[in-house]
Amino acid sequence: MSEGPLPPTERVSLATLALTFNHIALASFGGGLSAWSREILVVEKKWMGENEFLSAMTMCRILPGANQVNMAVFVGTKMRGLPGVVASVVGLCFMPLAIVLFMAWLYFQFKEVPAVKGVLHGASAAAVALTVAMVIKTGQKCLTGVIPVALFGLAFVLNGVLRWPLLGVLGIVAPLALIWAWPRGSKEEAAA
Amino acid sequence: MSTYLQLVVLFGSLSLMSIGGGNAVLPEMHLRAVNQDHWVNNGQFADLFSISQTAPGPSILIVGMIGYAAGLPVGGVAGGILGGVIATAAMVIPAASLVYGITLFWQKAEQSKWRIAVEKGFAPLTVGLILASSLVMSRSADHDWKAYALTAVCTLIFVRSKINPLFIVAIAGVIGYFGIV
């Protein structure tokens with residue numbers, strides 16, 4: 001039923017999972033972690049279909065925990081079960097934690113972290129661009145009618161412009177999305 | 001109570017409360033780490049937050065830095081590192097266990113109408129939320145018109161070309177280093 005590339009049947013090794021999430025984490029210098037996740041998990045590795053990735057992203061935001069950690073748990077479970085979860089989460093967190101602890105050491109030693117502010121300011125502009133590019137690329141595939149565009153616009157305006165909390169936005173938009181997407185019998189399909 | 005046990009209890013409980021991501025429990029984290037346990041002061045908390053935002057990786061890494069600050073008086077740098085690792089593990093494991101259970105259930109429900117509807121219906125909604133988060137990111141990074149222009153140019157490059165995005169991010173970093181944006 002699900003479209004898009006199906007995950008390959010051969011088992012991905014635990015080392016590959018860990019290295020892949022390490023790659024995603026380190027690439028996200030300046031931000032844009034979800035764009036990097038899509039770039040690598042959907043486009044490069046083809047471990048997930050486009051819609052599977054997008055819906056998992058929203059579910060990962062609803063559930064407690066950092067979204068990106070939750071996505072690593074989701075993919076780890078899908079590819080290799082519990083050992084896959086451990087490999088993915090450790091892969092995602094190990095190097096960033098080491099970097100952050102090093103920065104904490106610098107900070108408490110010298111009371112400031114050497115001037116990286118400007119670099120990060122520039123990099124964050126590109127990281128935002130990467131996220132906007134992801135909107136354009138995924139939008140071309142799933143914003144294919146009046147209703148999906150309306151759902152997209154409503155979610156953007158409520159969450160981004162009016163700054164409603166996520167749960168409030170989903171309380172309104174998610175039921176509409178589910179009603180629209182609910183699988184119907186073939187005879188009703190023409191009407192929908 | 002030992003500092004490390006306090007870290008486990010605090011971040012273990014914040015883990016399950018962090019609905020919508022790690023930043024949702026930031027006010028509670030501030031209350032405990034600054035006002036109650038005095039691991040860091042107000043200015044340090046703000047500094048650690050902005051440092052953690054710039055580091056690559058998941059958004060909850062401020063937890064590791066607070067753990068470091070808490071462990072520092074206990075055992076020096078080694079005690080700080082231990083505190084950072086313990087705090088991060090406490091923040092990750094409870095929520096990750098919950099997500100693992102839900103994912104197992106979700107994998108089994110492959111043929112259910114719910115899963116089909118969620119995968120199709122949540123896609124456009126998620127794209128809207130992602131656009132919203134890029135707007136919020138721009139605003140919180142305090143971008144001016146030059147940064148927005150850089151974002152626009154980079155977006156065009158990412159959509160139209162096959163150049164490795166990391167290369168573009170690095171160039172943007174260099175532009176930022178020279179204070180052009």
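1. Buried means under 20% relative accessible area, exposed over 50%, and partly exposed in between, with a 1.4 Å probe and protein chains only. S37(A) has 8% relative accessibility, so this residue counts as buried. S37(A) sits in helix α2 of chain A, residues 33–44. Helices (H or I, at least four residues) and strands (E, at least two) are DSSP runs, numbered from the N terminus. Beyond residues up to four places away in sequence, S37(A) touches I24(A), V42(A) and F53(A). Contact here means heavy atoms within 4.5 Å.

2. A word on the source. This is a predicted model, in which local features need pLDDT of at least 70 and side-chain atom pairs count only at pLDDT 80 or more, while totals for chains, interfaces and linings use all residues. Residues are numbered from 1 along each chain as its sequence is written, chains are lettered from A and ligands numbered from 1 in the order in which they are written, and side-chain values use heavy atoms, with hydrogens and water left out.

3. The interface comes next. Chain B puts 88 residues in contact with 94 residues of chain A. The area buried between the two chains is about 7,900 Å². Buried area is the accessible area (1.4 Å probe) that two parts lose on being put together, summed over both. Carbon and sulfur atoms give 80% of the area between chain B and chain A. In chain B, the residues that lose the most area to chain A are P56(B), F122(B) and L129(B), together 8% of what that side buries.

4. The rule finds one salt bridge between chain B and chain A. R115(B) forms a salt bridge with E52(A), with the closest N and O atoms 3.5 Å apart. The criterion is a side-chain nitrogen of Lys or Arg within 4 Å of a carboxyl oxygen of Asp or Glu. Seven residue pairs are in polar contact between the chains, both residues at pLDDT 80 or more. A polar contact is a pair of N or O atoms within 3.5 Å; within protein, one must be able to donate a hydrogen and the other to accept it, and residues adjacent in sequence count only if both atoms are side-chain atoms.

5. On the side of chain B that touches chain A, α5(B) gives the most, with 26 residues. The residues of that side divide into 55 nonpolar, 26 polar and seven charged. Ala, Val, Leu, Ile, Met, Phe, Trp, Tyr, Cys and Pro count as nonpolar, Asp, Glu, Lys and Arg as charged, and the others, Gly among them, as polar.

6. N70(A) lies in helix α4 of chain A, residues 67–110. N70(A) counts as buried because its relative accessibility is 1%. A polar atom of the N70(A) side chain is 3.0 Å from the backbone oxygen of C60(A). Leaving out residues up to four places away in sequence, the residues that N70(A) touches include V99(B).

7. K46(A) is not a glycine, yet has a positive phi of about 55°. K46(A) is in the loop between α2 and α3 (50–62) of chain A. At 41% relative accessibility, K46(A) counts as partly exposed. R163(A), also not a glycine, has a positive phi of about 60°. R163(A) lies in the loop between α6 (146–161) and α7 (166–181) of chain A. With a relative accessible area of 48%, R163(A) is partly exposed.
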